[in-house]
Amino acid sequence: MGIDVGSTTTKGVLLGDDGALLECVLEPTAPRIDEQSREVVARLKQKGGELPVGATGYGRKRVPTARAVTEITCHAKGAFFRLKRQGLLVDIGGQDTKVIHLGAQGDVQDFSMNDKCAAGTGRFLEVILGRLNVPLAEVSAYAARAPRVVSISSTCTVFAESEVVSLIAEGEPVEGIVKGLHASLASRVRAQAGTLSPSAEIFMSGGVALNQAMVAALAQAMGRAITVLPEPQLIGALGAALSVAG
């Protein structure tokens, strides 16, 4: 079994012998990570019995009795297990964004990780959308209605929030700002990817991959179609489970 303790959500999976997901848990990450992860593992054990536990995510070292595995390793394992082919994996997390070049056997050829600034992460989206009062469930609809893209030039989340306030005051449509917000984040991911496998197929994992506006913006920025992994928010936990499977 595997558990991914992210900054926003905690995910747990129980794998069957054939690799099928027998049980999944997905809930907001609580302040008491030790207690929450112990409860998640206990729920999974009710279904699968005593099994080794792999843990990843920023809270992985606080999961009792689990073997901690890096996020790069887990997302690579999980993505390759799902698709069985090489490519460039993008995971936009709450506190970091990972771009991983997967080789033909699922090995990590190279990677880039932004964990120093919120500007290129899901936190950037969360903060600005909160300022705009746009619910996450309606983001894609807002972006689809945008009459045009309103450019957001600030490269810092705090400054971008101030810029958005000014744009609203100037009468710019919220829909256009939402679309510009996604274009801005996609541009940062493209810059982060740099020269990593420039012609490879691109995969997306993580909860942000469920945001169709983000997928469309990233496809436009990268100039290639994006393949969203099945159940993308569980890929890290899946990889953690695979890391300790016999």
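This is a predicted model: local features need pLDDT of at least 70, side-chain atom pairs count only at pLDDT 80 or more; totals for chains, interfaces and linings use all residues.
You will find valine 53 in the loop between α1 (33–48) and β4 (54–56).

Which residues does valine 53 touch, once its neighbours within four places in sequence are left aside? The contacts are Met1, Ile3, Val41, Ala66, Arg67 and Val244. Proline 64 is 11 residues from valine 53 in sequence, and the C-alpha atoms of the two are 9.3 Å apart in space.

How many salt bridges does the model have? The count comes to 13. One of these salt bridges joins the side chains of lysine 11 and aspartate 4, with 3.7 Å from N to O. Lysine 11 counts as buried because its relative accessibility is 8%, and aspartate 4 is buried too, with a relative accessible area of 6%.

Another pair to look at is aspartate 91 with lysine 98, whose side chains meet in a salt bridge at 3.1 Å, N to O. Are these two partners buried or exposed? Aspartate 91 is buried at 4% relative accessibility, and lysine 98 is buried at 2%.

## Arginine 145 and its two partners

Arginine 145 is worth a visit in your viewer. Its closest contact atoms with glutamate 175 lie 3.7 Å apart, N to O, in a salt bridge. This pair links distant parts of the chain, 30 residues apart: arginine 145 is in the loop between α4 (139–144) and α5 (157–169), while glutamate 175 belongs to helix α6 (residues 174–193).

Elsewhere, salt bridges that share partners tie Arg60, Glu71, Asp91, Asp96 and Lys98 into one network. Back at arginine 145, the relative accessibility is 47%, so this residue counts as partly exposed. The charged end of arginine 145 also sits over the ring of tyrosine 142, at 4.8 Å from the ring centre.

## Rings and charges

A lysine is placed over a ring as well: lysine 84 lies over the face of phenylalanine 81, 4.4 Å from the ring centre. And how many aromatic pairs are there? The count is 0.

## A nonpolar patch on the surface

Finally, take a look at the outside. Val108, Phe111 and Met113 form a nonpolar patch on the surface, and together they have about 230 Å² of accessible area. Valine 108 lies in strand β8 (residues 108–114). Valine 108 counts as partly exposed because its relative accessibility is 34%.

How values were computed: Residues are numbered from 1 along each chain as its sequence is written. Side-chain values use heavy atoms; hydrogens and water are left out. Patches are made of residues with over 30% relative accessible area and no salt bridge: like charges are joined within 9 Å, nonpolar side chains (Val, Leu, Ile, Met, Phe, Trp, Tyr) within 5 Å. Accessible areas come from the Shrake-Rupley method with a 1.4 Å probe; for residues, only the protein chains shown count as cover. A salt bridge is a side-chain nitrogen of Lys or Arg within 4 Å of a carboxyl oxygen of Asp or Glu. Helices (H or I, at least four residues) and strands (E, at least two) are DSSP runs, numbered from the N terminus. Buried means under 20% relative accessible area, exposed over 50%, partly exposed in between (1.4 Å probe, protein chains only). Rings of Phe, Tyr and Trp (its six-membered ring) pair if their centres lie within 6.5 Å; planes under 30 degrees apart count as stacked, over 60 as edge-to-face and the rest as tilted. A charge sits over a ring if NZ of Lys or CZ of Arg is within 6 Å of the ring centre and within 35 degrees of the ring normal. Contact means heavy atoms within 4.5 Å.
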